[in-house]
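Hi! Here are a few notes to read with the model open beside you. Take the points in order and find each residue as you go.

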Amino acid sequence: MAAGTDTIESFGQVSRVADTVFRYLLFAATMVGIVTLAILIVYVANDAVRPLTADPGWHLTFFLTLVAPALLVGWMVRRRDPGALTFGALFVGMLVVSLMFSGGVALLLIDVVFPIDAVAVALGVGVPAAVAVVLTRYAHRISFTARLLATTAAFYLSLFGLPGPVGNTLGVPQLLPSLVRFVRFYPVIPLDWMLVVAVVGVGSAAAVGSFVAGVQNRKAGLIAGGAALLGAVAAGLGGPFVGVDPVPAVVITGVAFVPTVTYAWRGATAEEGSPLGLAFAATVVGGALVGAAAVDALGFAGPQSWVDWGFLTGAHSGTAEAAGLYPAIGGSILLMVTVAALSFPLGVGAAVYLEEYAPDNALTRFVDVNISNLAGVPSVVYGLLGLGVFVTYLGRSAGTVLVGGATLALLILPIVIISAREAIRSVPADMRQASYGMGATRWQTVKNVVLPEAFPGILTGTILALGRAIGETAPLIMIGAPNVVFNLPTGFGSKVSAMPLQVYAWSTLFASEDFYTKAVPAGVVVLLAVLLAMNSVAIVLRNRFERTD
């Protein structure tokens, strides 16, 4: 005992010294990994942002307006309510991340997809979806088969019209145009920002209204949704008066400001939130704005960063100073939209079948083993698979958005399946048995009990898988994606590049001292920022729903 050891039956000799040494070894290994990663990120960020090139007055101004007040207010808030400080920090993080996502949405609606096309597709999918919801909730006397046929017919008529593509190939005139076609070619087209309000503003208002109604009541939800929609309209009307185009103003309001304000309202009125947290967030945001105005008024020069507005909105150039990442950013966004549309329904569907319907036999176990093995296959193998299947066998054009998205979807599909299965498996069996005891069928139990409970875990796993897909380069190289593009892709059949592929091209094809020290670090910082934003969304969702449960 004096030596710090003891003997316990079935455990053998237990040493407190060995336990302490093992604990500190684990701590040291963790710190080595964290410090190494931090040094790498700081090194790359220093080359990209170059903070030491700013005037001393610039640093002093932001220290006095932002750093010092934030530290002081944060310390005071933490002493009184640590949870409020967490809420305030999450508020600031949500504002930054939502602004990044709003930039991606604005990119799509300004330079890739025409607003009228977005409205047409939204109505073409939304109207049949509304029909399906109405039939499910209020047409209980109609058989399931009849409701399924009616929903299918609504989707077909909305997207293709009557008689549809088959009749057109036979030379039969279209008796009824599709809803999508009717909206696209309607003779009176509103202004672009009004169309964006119809898509982004209405969608944001519906989400906010549903959330508030779930927290309080239906009347409060209607008021919140109406206020969000009025905010989007006001942004479109008032944007030009503050130097912002109407379309970006509507997108930023609907995607960034409305969700952030809703989060602030919920956090300030909930138990885990506090007005003190809003005070900390106001100190950070206000300090940044005041500092920016002060350095501009005093004439202090900021860092000569390579990550600037010209880099984010410019195309590739033969010189590092003029090189931009805008087409690659747009390509990555389109690729992720395609990957999510293909991998999410397939992965979740496969997970539901394997967990809820598949029998426990040799075939199922064989499928389980192979799904786990496929999750560890190198990404270049999936690139070869995409080249062989989509390009060689199916005859699709190499290097397009559709081929690249399908290849990356195959890459993350096993990960989505595994994460979705784990989320479904974590749903307590008692909830299933209670549903069966009330007379529900297996399908009703899966739809109303299992999937709502497992959805946070499913969404978290999908976001993390998308984070892996957005950083992959080898599959895109194998399918023939161009290293450099000078224009944004305009459709699924357009050639596409991506942020990691562009950075790879700068470090190989355009290898020079300027590109190594200017364009490459700037591209890496942007890519890391996008990855961290996606991962932060997954982490916040997971923690939020864990606290809710």
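1. Start with Trp506, which is buried, at a relative accessible area of 0% (buried means under 20%, with a 1.4 Å probe and protein chains only). Keep in mind that this is a predicted model: local features need pLDDT of at least 70, side-chain atom pairs count only at pLDDT 80 or more, and totals for chains, interfaces and linings use all residues. Residues are numbered from 1 along each chain as its sequence is written, and side-chain values use heavy atoms, with hydrogens and water left out.

2. Next, look at the partner ring of Phe515. Trp506 and Phe515 form a tilted aromatic pair, 6.5 Å centre to centre with 35° between the planes. For such pairs, ring centres of Phe, Tyr or Trp (its six-membered ring) lie within 6.5 Å; planes under 30 degrees apart are stacked, over 60 edge-to-face, and the rest tilted. Phe515 is buried too, at 4% relative accessibility.

3. Now find Phe311, also buried, with a relative accessible area of 4%. Its ring and that of Trp506 have centres 5.9 Å apart and planes at 45°, so this pair is tilted. Ring pairs link Phe311, Trp506 and Phe515 into a cluster.

4. A last one for you: which ring does the charged end of Arg23 sit over? The ring of Tyr24, 4.9 Å from its centre (the rule: NZ of Lys or CZ of Arg within 6 Å of the ring centre and within 35 degrees of the ring normal).

Note on methods. Buried < 20%, exposed > 50% of the residue type's maximum accessible area, 1.4 Å probe, protein only.
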